[in-house]
Amino acid sequence: MLLVASVLVLLVQMVYKSSSVQSPTGHPLPIVHKYYQSGDLLIAGIINNMFKFSDTLKFEVRPSPSSSDSVIVLTQLYQNVLTLVFAVKEINENPQLLPNVTLGIHIYNNYFSPSLTYHAAMELLSTKGRFIPNYKFDNQNNLVTVLEGPNSNLCFYVADILCPFKIPQLLYGSAPVMTHKNEASFLYKMFPSWANQYMGILKLLLHFSWIWVGVLYVDEHEQQFVQRVLPFFSKHGICFDFIEKFPEMTFSIFLPEKEVSINDLLSLVMGSTAKAVVVHGEIQTIIILRFLPRAAAFKDIPMKMKAKVWILTAQVDFTSIEMQRSWGLDIMHGALSIAVHSREVLGFVRFLRERDPASEKEDGFIGDFWKQAFGCSLPETTEAMTDEEICTGEKKLESLPGSVFEMSMTGHSYSIYTAVYVMAHALHAMYSSMLKHRAPADGGRKKLLRQQPWLFHAFLKRVRFNNSAGDLVSFDQNVEMVAGLDIINWVTFPNQSFLRARVGRLDPKAPEDKVFTIHEDAIIWPRMFNQCSDDQYPNINQDLCLQKHISFLSYEEPLGTTLASVALSFTFMAAIVLGIFMKNQDTPIVKANNRNLSYILLISLMLSFLCAFLFIGRPEKLSCLLQQTTFGIIFSVVVSCVLAKTVIVVLAFIATKPGPRIRNWVGKRLANSIVLSCSFIQTAICTVWLVISPPFPEFDMHSMTEEIILKCNEGSVAMFYCVLGYLGFLATVSFTVAFLGRKLPGSFNEAKFITFSMLVFCSVWLTFVPTYLSTKGKYTVAVEVFSILASSAGLLICIFCPKCYIIVMRPELNTKSQIIRRPNKRI
């Protein structure tokens, strides 16, 4: 490719030499807009900063670089030039980094042109002031690295020229897919990977339920984005109203023949029902977007469409041209963009404030920038016309509106700043390694770097340091910068200024639940945008917000009424059983297994049925405090009573003639000890819960699409499961003891009924946990109420119904002779 490019240049020279007017030299026209600063080692930059278009060449007179070319400066991108200068200045003034080495700068503007990108790359391989590629006779241009960007297709052209020389290329924009492995091996990507950006956009769309979207993309990204990424989005439920290519960004876009493209794009976007439009563009894409409202006004098309949320990739940044200076920024208001994570760099704003055009003799960018930014020409750089205003020297960068020039460092500029420090730290590490191995110093090291440039790559790939902004800088295995992404909300103002507000974060290195974070309350949405608030949801057509209704388990709905009726019915049933037992308290079957325990168990079951009413109805502060704690304490009394009854039954049959000690324990003392101790532990757990993190009423806005769930937040999920876990432990012990005693003589034996009742109890609560976790809203509460009623009813029916049947229906069996007629059996 270097040979081909050189042949093209020679052909241009031959054309000039064969024309009727011989040019004084055979060299092609030089690149006018460049920045040069000498140094021991040279950092080059090939950047996009302005557009250039020329008059038609007649090949009769050698064209003049200043007279035949016109430029349109993207004033915002001048910050990229100044950032590179600032970073080199910092390093040269730092005695701890590259001591005794002065870094130089050579920055070229490529005018968004592939041919001029080739030209700039070959000029880097030439002696300063002479266009002879791969021939240098001075020692001042020791090129160590080239910074490229921000447009992603630049690196293809630069790689064609520099790849044979193994010169590192640091790309401060998004990288394209490189087809040649050899070229890719010398490319270092200072921008986060496309994969992370796509994942961030997908999570953003899914978070806001924007599953019907539009897509705009530039031609360079068709294969990578449209053919590979959009199908991946589709697999995750994203559907596309339209997928359209941007008009080509050349200066013919402003001419009538391109008017159709803008109008078509306008009609497509305005007629779309999609609320969000993904814009996969380049640095200059916003220039085209800002033409849409102007085209609508020119065509008398009303802009009363639903406002769109533009979702921009990190490559897109704010740029504008001079004719757009007075245009409003409303189209960008409320946009969301993925952006390089950046911070303010100490000293950068002061550096910008101190820029003085009069002292910048080597800055070839500043003249046209100053002219289009301030509307006046610098005396040193203009062939002044009589009616042209001359700058007084009082203009300062800080006086420009943000739509013309930003004083805070942008994401692309931050990538340039980081790239310069990456190169400096790698060089420092390489020179330190040479010193350890007693390599020749200074001149010898520079000569070695020129002769063996591939040695530098090993140090570049291993670089790892904290920059002055405090961020850790390093590359991953794909030589991509390890960094997170910010989610930016664009807020515009009538005075042509705007604010980039950080409203979220995408951090691939974070734990899974922290990879994507978004602060919805901080987002400013576009005007006329129907982004429903948390208490609203969109209609089917997604053009109107409907009010969500508050949902909770109430007495007025069938589910709440049914559960309340069942709770009352079982409460009355437990009361009836208690009445039967109290009326027949002196009969053998009531006395057989601790009458007092039966009374406590029945009363506790009545209370457990009644505690279901704490869960039904509108959650209030008091009801939320009492719900889980009351349920936990009452159920611990219920299960501890069952455990006490089981233990007493088993101990009563351990020996046919129990000794005095066992006889003393088999009675009230043991029963009371078991009930009190077990209940006390649960009471202590509930007390700790109420002290450290008590439950409280809460509005859940997001679990259901059309409902606001009013529920009781447990406060501490861990404490809630501690209460359930303790109940499960008591139930398991009770079931185990009852199971061991199930074969005791039937007339005395209550263990077999307890075994079956605890089997029902454990089954209900084992089923409760997964069901509780998988349901939402009022149905979660209904599941818990049902579990309370079902487990309590199981105990009531399995333990007491057989006894009630004998007491009421078969009183002849309720005698002492019937109870003791069977002989004792061993366990």
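This is a predicted model: local features need pLDDT of at least 70, side-chain atom pairs count only at pLDDT 80 or more; totals for chains, interfaces and linings use all residues.
**Entry 1: H16 and H18**

I looked up how helix H16 (residues 558-583) meets helix H18 (residues 595-610). Their axes come within 8 Å and cross at roughly 165°. Angles over 145 degrees count as roughly antiparallel, so H16 is roughly antiparallel to H18. I noted the handedness too: H16 passes H18 in a left-handed crossing.

Next I listed who makes the contact. H16 brings Ala567, Phe570, Thr571, Ala574, Ala575, Val577, Leu578, Phe581 and Met582. H18 brings Ser598, Tyr599, Leu602, Ile603, Met606, Phe609 and Leu610. I sorted these residues by type and got 14 nonpolar, two polar and no charged.

**Entry 2: the cores**

Which residues touch the most other members of the largest nonpolar core? I found Ile107, Trp370, Leu397, Phe405 and Val422, in a core of 90 residues. Helix H13 (residues 411-436) gives the most to this core, with 14 residues.

I then took valine 422 by itself. I left aside its neighbours within four places in sequence. Val422 is in contact with Leu170, Met190, Leu460, Val463, Phe465, Val473, Phe475 and Met481.

I also found a second, separate core, this one of 70 residues. Among its members are Ile589, Met606, Phe635 and Ala793. I had already met Met606 in the contact of H18 with H16.

**Entry 3: H4**

Is helix H4 (residues 154-162) mostly covered or mostly uncovered? I checked: H4 is mostly covered, with seven of its nine residues buried. The buried ones are Leu154, Cys155, Val158, Ala159, Asp160, Ile161 and Leu162.

Notes: Residues are numbered from 1 along each chain as its sequence is written. Side-chain values use heavy atoms; hydrogens and water are left out. Axes are lines fitted to C-alpha atoms, for helices over the stretch in contact, and angles run from 0 to 180 degrees between N-to-C directions. Helices (H or I, at least four residues) and strands (E, at least two) are DSSP runs, numbered from the N terminus. Angles under 35 degrees count as roughly parallel, over 145 as roughly antiparallel, 65 to 115 as roughly perpendicular and the rest as oblique. A crossing is left-handed if the near helix is turned anticlockwise from the far one by less than a right angle, and right-handed if clockwise. Contact means heavy atoms within 4.5 Å. Ala, Val, Leu, Ile, Met, Phe, Trp, Tyr, Cys and Pro count as nonpolar, Asp, Glu, Lys and Arg as charged, and the others, Gly among them, as polar. A nonpolar core is a set of buried Ala, Val, Leu, Ile, Met, Phe, Trp, Tyr and Cys residues joined through side-chain atoms within 4.5 Å. Buried means under 20% relative accessible area, exposed over 50%, partly exposed in between (1.4 Å probe, protein chains only).
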